[in-house]
Amino acid sequence: MHLTHELELFPGHKVTQMLFKEVKNAAELRQCAVEGKINGALINPTMLVNPFQVLVAANKAVNSQNNGKMKTRSLYSEIIFNLSPTNNISEAFKRFGCSDGDDSVLVVFIHNEDESQLLADLTARVSGRQVPVEEVSSLTDHAKVKKLYKVTQEEEESGTLLDAVVCRMAAKDVM
C-alpha cells in the first residue's frame with residue numbers, strides 16, 4: 001500500500017509515500033502538520049502526475065538540507081516547495097499542500113530507520129482509506145497540471161506530461 005525508496009545520492013535516507021482516499025479529517029491533519037505534530041508532508045494528490053514527481057522533490061529537499069540551502073523552514077515544507085514550478089513559497093503551499101476540504105491526501109516522510117512505527121502512527125491519524133500509491137495518477141487533474149506547469153502541445157507530443165513536469169521542477173533553481 002505504501003511506497004518506499006532509498007535515495008541513491010543520499011544512502012540511508014528513505015522516502016515513503018502513502019496515499020489516502022475518502023479522507024474525512026483533512027483540516028485536522030493540516031493543523032497537526034502546521035503544529036509539527038505530523039512528521040511528514042501532506043500533499044494534494046490532484047496536482048501529482050506520478051509518485052516519481054515526489055521522489056524528485058524529496059531528493060532536492062534532502063540535497064538542500066545537506067548543503068544548508070533550504071528556502072523553507074523544514075524538510076517537509078521544502079518537499080512541497082520543490083513540487084512547484086515557481087519560487088513562491090505560499091503559492092506552492094496553496095497548490096500542492098493539503099487543504100481543509102480535501103478528500104484525498106498523499107503523505108510523504110523521509111526517514112533512515114525502519115518505518116513501521118511511522119506508518120502505524122500516520123495511518124492511525126488519518127480517517128480515510130489507504131490505497132496503493134500507484135493510484136495517484138487516477139486522481140490527477142491534468143488540465144490544472146498542464147496550466148500550472150505551462151506544458152505546450154508540442155511537449156506532450158514529443159514526451160510525457162511527467163517529463164515536462166519533472167523538467168520544470170529540476171530547472172526551477174536555474175531560471
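**Basis.** I am working from a predicted model, in which local features need pLDDT of at least 70 and side-chain atom pairs count only at pLDDT 80 or more, while totals for chains, interfaces and linings use all residues. Residues are numbered from 1 along each chain as its sequence is written, and side-chain values use heavy atoms, with hydrogens and water left out.

I took helices (H or I, at least four residues) and strands (E, at least two) as DSSP runs, numbered from the N terminus.

**Helix α3.** I checked burial next, with buried meaning under 20% relative accessible area, exposed over 50%, and partly exposed in between (1.4 Å probe, protein chains only). In α3, 9 of the 9 residues are buried, so this helix is largely enclosed by the rest of the structure. The buried residues of α3 pack against β3, α2, α4, β4, α7 (142–149) and α9 (161–171).

**Strand β2.** In β2 (residues 14–21), 7 of the 8 residues are buried, so the strand is largely enclosed by the rest of the structure. I counted two strands as paired if DSSP finds at least two bridges between them. β2 pairs in the antiparallel sense with β1 (residues 3–6) over 4 bridges, and H5 stands opposite V15. β2 also pairs with β4 (residues 104–111), antiparallel, over 8 bridges. To β5 (residues 129–131), again antiparallel, β2 is joined by 3 bridges. I noted that K21 stands opposite S104 in β4 and has R129 as its bridge partner in β5.

**Largest pocket.** A pocket here is an open set of points on a 1 Å grid over the protein atoms alone, where a 1.4 Å probe fits, with protein on both sides within 12 Å along at least five of seven lines; lining residues have an atom within 4 Å of a point. The largest has a volume (the space filled by probe spheres set on the points) of about 520 Å³. Of its 20 lining residues, A33, V34, S74, S77 and F93 are the closest to the centre. α1 (26–34), β3 (41–43), α3 (75–83) and α4 (89–96) each supply at least two residues of the lining.

Definitions and conventions: Contact means heavy atoms within 4.5 Å.
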